[in-house]
Amino acid sequence: MDNTAKSAAILNGRLAEETTRRFTERTFRIFNDADHLSHLASKWKNVAADKAQGHMFEQLETIKFNYDALRKDSELFAKTTASMGLGTDPVDIIISDGKKTLREVQAKSCNHAAASTFALSDKKYAEMMRLSPSDQHAEIEKLLKQRIDAGTLKAGDYEQTLRNLKKDLQYDNVSSGGTTYQQATEATNQSVADRVADEFRVKSALTDMHESGKRAGNMGAAVAGGISAISEGFALFKGEKELGEVTVNIVLASAKGYATGYAVTALSKGVTHTASYYLGTGVASTLARSNAPVAIASGVVNASKSMIAFMQGEIDAEQLSDEISHTAITSTASFYYGAVGQAIIPIPVVGALVGAGVGYFMGNMIHQSGLLALGDSAVVKAAKAHRKQVEAMCLAAIPEIQRHRHEMEQMLSQHFAERKAHFTDAFSAMDAALYEWEPDNFMAGLTVINDQFGGVLPFKNFSEFDAFMKSDEALEF
């Protein structure tokens with residue numbers, strides 16, 4: 001996997017994490033619903049099941065509704081007023097889109113349809129949605145029609161109840177699917193409540209991973225396919241490739257982009273939800289906002305690709321080590337720089353993407369330079385090999401250089417010693433000639449000195465000098 005592909009995978013993971021963050025936030029909301037379900041079972045454990053089941057009924061409908069909203073990528077969510085600390089409020093459940101309340105719901109679950117019908121028909125629940133156990137809905141509807149037709153004093157209340165009666169919590173295309181009286185009663189058992197809570201945690205986490213992965217896969221396919229289309233189109237224009245080959249390459253690049261985008265994002269969501277399970281949703285939310293799961297996931301995916309390539313014989317162990325080292329360093333740098341970028345550029349998505357891009361290339365430079373690596377990079381290994389060659393050459397040359405230097409020192413020492421002796425003898429002869437007034441001896445000494453410098457005196461003795469002085473020849477210097 002080349003560096004361009006790795007860079008695209010990491011940056012696409014950042015973009016996918018930002019654009020699918022709402023899935024994770026909704027999943028955390030379901031986790032909180034699941035925690036509240038377990039809490040209610042514990043809170044009402046000393047209350048008779050037929051009384052406590054009403055609270056469980058409301059919470060079960062809420063968590064089912066929110067899970068369906070997650071599956072359908074809807075902004076809708078439901079919340080019980082009891083979980084908001086409003087236990088005496090006539091409204092049991094509120095359906096909202098995050099900006100305003102869309103529907104108020106009154107939920108009643110009694111041990112038989114007649115009791116549920118009467119409880120739902122109170123005047124104070126005017127125009128609220130009336131939610132009943134799904135197994136009692138048909139019977140309640142029948143009873144309401146009978147009482148309306150009979151013209152009882154509460155016929156108006158019954159008519160309003162019938163008009164707003166629902167067998168499951170629903171709004172637009174989102175629905176809880178309904179809860180029976182028996183299911184609500186069973187949920188009062190702590191073990192059953194915990195099991196149901198865990199089921200919804202797992203289902204919502206898997207849904208978040210899958211739905212986010214699909215969207216990230218589409219982004220990855222678009223990005224990889226677009227890049228491939230440009231490069232392949234250029235090759236086609238230059239006549240280097242045929243149309244069929246170009247088409248196949250673009251399709252393959254798009255498929256790889258989708259697979260990588262899906263895997264990185266799904267795995268990052270898995271890291272986040274695992275952290276939520278062991279550390280709590282508060283810590284997991286902070287972790288998700290930091291983009292750390294993406295850094296971990298992209299590193300795992302890219303390292304896995306390198307490992308697969310190694311097992312298939314496409315790369316050797318040395319290249320495997322280099323690629324894993326590169327992935328670890330660039331992913332880490334991308335994560336930290338992404339956080340810094342988001343802090344410096346407080347624009348959702350943009351800051352994190354810019355920071356992550358800078359971080360990736362900084363990490364790449366650091367890895368290639370060998371300043372930091374899990375083992376040596378290819379560049380560093382080549383430099384070390386070259387250094388060893390130079391060291392070997394130097395080690396072989398040093399003894400020869402030392403030997404020649406020693407010989408030269410000996411020759412110079414001998415040469416200067418001999419010259420010193422000649423100079424000493426010549427000066428001594430010249431001194432003696434001056435005292436004894438022997439011109440020929442003086443000139444003999446000068447001749448010796450000139451010989452040492454490669455020079456020649458025009459006169460070797462006084463007789464030659466005297467003859468020259470008597471001649472008409474000009475003296476040339």
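Modeller: Let us begin with a term: two strands are said to pair if DSSP finds at least two bridges between them. Please keep in mind that the model before us is predicted.

Colleague: In which sense do strands β3 and β4 pair, and over how many bridges?

Modeller: In general, the strands of a sheet are joined by backbone hydrogen bonds, in either a parallel or an antiparallel arrangement. Here, β3 (residues 101–107) and β4 (residues 129–131) are paired in the parallel sense, over 3 bridges.

Colleague: In what order do the 5 strands of the open sheet lie?

Modeller: The order is β1-β2-β3-β4-β5, and the pairing in this open sheet is mixed. At its edges are β1 (77–80) and β5 (165–166), each of which pairs on one side only.

Colleague: Is Asp172 buried or exposed?

Modeller: The cut-off for exposed is over 50% relative accessible area. Asp172 has a value of 69%, so it is exposed. Asp73, at 23%, is partly exposed.

Colleague: Where does Thr188 lie?

Modeller: Thr188 is found in the loop between α7 (181–186) and α8 (190–237). Its relative accessible area is 16%, and it is therefore buried. The side chain of Thr188 reaches the backbone oxygen of Thr185 at 2.5 Å. Beyond its neighbours within four places in sequence, Thr188 is in contact with Ala41, Ala49, Ala52, Gln53 and Met56.

Colleague: How many aromatic pairs are counted?

Modeller: An aromatic pair is described by the distance between the ring centres and the angle between the planes. The count in this model is 3 aromatic pairs. In one of them, the rings of Phe28 and Phe31 have centres 6.1 Å apart and planes at 55°, so this pair is tilted.

Colleague: In which helix do Phe28 and Phe31 lie?

Modeller: Both lie in helix α2 (residues 21–43), 3 residues apart, which is about one turn of the helix. Phe28 is buried, with 7% relative accessibility, and Phe31 is buried at 5%. Another aromatic pair, formed by Phe423 and Phe427, is stacked, with 6.3 Å from centre to centre and 20° between the planes.

Colleague: How many residues apart are Phe423 and Phe427 in helix α14?

Modeller: They are 4 residues apart in helix α14 (residues 378–436), so about one helical turn separates them. Phe423 counts as buried at 18% relative accessibility, whereas Phe427 is partly exposed at 44%.

Colleague: Over the ring of which residue does the charged end of Lys203 sit, 4.3 Å from the centre?

Modeller: To read this feature, one looks for a charged group lying over the face of a ring. The charged end of Lys203 sits over the ring of Phe200, at 4.3 Å from its centre. Lys203 also lies over the face of Tyr67, at 4.9 Å from the ring centre.

Conventions. Residues are numbered from 1 along each chain as its sequence is written. This is a predicted model: local features need pLDDT of at least 70, side-chain atom pairs count only at pLDDT 80 or more; totals for chains, interfaces and linings use all residues. Side-chain values use heavy atoms; hydrogens and water are left out. Helices (H or I, at least four residues) and strands (E, at least two) are DSSP runs, numbered from the N terminus. Buried means under 20% relative accessible area, exposed over 50%, partly exposed in between (1.4 Å probe, protein chains only). A polar contact is a pair of N or O atoms within 3.5 Å; within protein, one must be able to donate a hydrogen and the other to accept it, and residues adjacent in sequence count only if both atoms are side-chain atoms. Contact means heavy atoms within 4.5 Å. Rings of Phe, Tyr and Trp (its six-membered ring) pair if their centres lie within 6.5 Å; planes under 30 degrees apart count as stacked, over 60 as edge-to-face and the rest as tilted. A charge sits over a ring if NZ of Lys or CZ of Arg is within 6 Å of the ring centre and within 35 degrees of the ring normal.
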